[in-house]
Amino acid sequence: MKLDLELLCGAGGAEVRGLDLSKPLAPETLTALRRALADHCVLLFRDQKLEPDSQKAFARQFGPLAETPFIKPLEGHPEMMRVVREPDEKKKLNFGGRWHSDLTFQVEPVLGTVLYSRESPAVGGDTLWTNQMLAFDALSPGMQRMLESLTVMHSAKRSYGPQGTYADDDLKGMRINASELALKETPHPCVRTHPENGRKILFINWVYAIRFQDMTEEESTPLLEFLNRHSQRPEFQIRFRWTKGALAFWDNRSTQHLAVNDYAGYRRVMDRVTIAGDKPFFTPA
Ligand SMILES: [Fe+2]
């Protein structure tokens, strides 16, 4: 099965044409999409007509859906989050506006995220991703070997803890419940193996990767900052301009992402579901 694909950026991203995602896809199409997702990190589809039920049905073809803690879901759809920003919200903070991978503070972080545009700004509000396989490949052999031996503690505390970024913020369109549950830390390998293509992934992000195991945050921060800055090099980035009805399906195992905060005055409404993932592992080559 050959997909009609247009590659978007050197680092990845592929626009897939000719598919109606509101209908069930053939098994061979799903196999090809799974392969393309692992290889290109992000799959983009334009001009789709989806409702919450059909978006969930599309995502379920790739695995069971996961629920998102700390954020109130869309009414009647516990697996779906509606990301809304109103035109009069001029806050510095933008939901998803810092580099991260979704839900890496969980023991089994999500495999992928399916984000659908119900309403997009005329200009601005792009999503950026980084390809963390390329970010790993570009490190020196010495740094790669050292990172392969390290474990990173992930936690939601900086976002959803009692002192977290979102604790006092009333992002108008979002309903966030900051909680002490966010203080829990979960260990993950600093370098994980992609379960489908076997590539090595630099598995850290600004928001949830807090420190190295058995080290303090202060000791860990210089190296984590370097790795995060390194990950954001332009040649590792993928960028997508949204239009109403566009859908992005990204591989959350091998990417970080960020929503650009440059669309004050416009309304933006996105529906998000996530697909359950597995426990990150590292297999030496
Ligand atoms: Fe996100």
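Throughout these legends, buried means under 20% relative accessible area, exposed means over 50%, and partly exposed lies in between (1.4 Å probe, protein chains only). The model is predicted, so local features need pLDDT of at least 70 and side-chain atom pairs count only at pLDDT 80 or more, while totals for chains, interfaces and linings use all residues. Residues are numbered from 1 along each chain as its sequence is written, and side-chain values use heavy atoms, with hydrogens and water left out.

**View A. The iron site.** His 100 (NE2), Asp 102 (OD) and His 257 (NE2) coordinate the iron ion at 2.1 to 2.2 Å, where donors are N, O and S atoms within 2.8 Å of the metal (3.2 Å for Na, K and Ca) and the site may look incomplete because water is not among the atoms. The donor spacing in sequence is H-x1-D-x154-H. Asp 102 is buried at a relative accessible area of 2%, and His 257 is buried at 6%.

**View B. Arg 17 and Glu 6.** These residues form a salt bridge with closest N and O atoms 2.3 Å apart, the term denoting a side-chain nitrogen of Lys or Arg within 4 Å of a carboxyl oxygen of Asp or Glu. Arg 17 is partly exposed, with a relative accessible area of 37%, and Glu 6 is likewise partly exposed, at 35%.

**View C. Glu 15 and Arg 46.** The side chains of Glu 15 and Arg 46 meet in a salt bridge at 3.9 Å, N to O. Glu 15 is buried, with a relative accessible area of 13%, whereas Arg 46 counts as partly exposed at 25% relative accessibility.
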